[in-house]
Amino acid sequence: MLVHICCSVDSHYFLQKLQGEYPEEKLTGFFYDPNIHPYSEYYLRLLDVKRSCKMLGIDLIEGEYDVDKWLSLVKGFENEPEKGERCGICFDRRFEVSAQKAQEMGESSYTSTLLTSPKKSLDQLQIAGDALAKEFGIAFIAPDYRKASGTQEQNIMAKEDALYRQDYCGCMFALNIQRDQQQKIADELFVPISGQVQPESIEERIEMYEKRWRLEAENIPHKIIKQRF
Ligand code: SF4
């Protein structure tokens, strides 16, 4: 089964549930998310997904970061709220590429870790996933792992395994709306021309998580501590 992956917090839990429910199935992760902006944030989420898949013994394929194509598809829907029409287009695109990939690989089914995201509409995902599955002659598997305190378990697991938890869905449009509501600047979208790494920036997080990757590879004990200033 090909598993489209959106982020580590969702995939880490979802993949373990799938491993339990489908023990005979070989799962392959597929990180295809050109909706994540800026590229540095995309890279950071991918880095954490790589770590999660390594921990779970799951092969991971990275899709193309075809952000221009994604932007052309959502043109005219920039001001839509989350769960609105832009999100429908975004799911369709990610599912289309995932279903096509699954078909190319000779898989008979595909699914998506978006199904476990508490902020997504399950109905919207099911409709998109089923339609694309039909088009490519495969099945869309849509388990509901949120129910029966699933979301709570997912959060505990994310904390225990020190996963990177982002605080926005992914695209610059939703990010701008969210920061406007918080009366903040979407500073995730700015980088100093000098290339200086700012405190609490995405670039600083990348440095830290890359360091963790090295420490883990060398089995050096470490701990991530969150501080605000
Ligand atoms: S808010 Fe999230 S799901 Fe909706 S369009 Fe943006 S990235 Fe895609």
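How many bridges join β1 to strand β4 (residues 109-112), and in which sense do the two run? In this predicted model, three bridges join β1 to β4, and the two strands run parallel. The protein holds eight helices and five strands, which follow one another along the sequence in the pattern β-α-β-α-β-α-α-β-α-β-α-α-α. The radius of gyration is 18 Å, close to the 17 Å that the globule rule gives for 229 residues, so the protein is as compact as a globular protein of that length.

**Strand β1 and its partners**

- Strand β1 covers residues 2-5, with Leu-2 and His-4 pointing one way and Val-3 and Ile-5 pointing the other way, and all of these residues are buried.
- Strand β2 (residues 28-31) pairs with β1 in the parallel sense over four bridges, and within β2 the bridge partner of His-4 is Phe-30.
- Between these two strands the chain passes from β1 through helix α1 (residues 8-21) to β2, which forms a β-α-β crossover that is right-handed.

**Overall dimensions and packing**

- The C-alpha trace of the protein spans about 50 × 45 × 35 Å along its principal axes.
- Of the 229 residues in the protein, 31% are buried.

Terms used:
Residues numbered from 1 in each chain as written. Predicted model: local features only at pLDDT ≥ 70, side-chain atom pairs only at ≥ 80, totals over all residues. Buried ≥ 20, exposed ≤ 12 C-beta atoms within 10 Å, placed from the backbone. Pairing = 2+ DSSP bridges. Right-handed = clockwise from strand over helix to strand, strands pointing away. Rg over C-alpha atoms; globule rule 2.2 N^0.38 Å.
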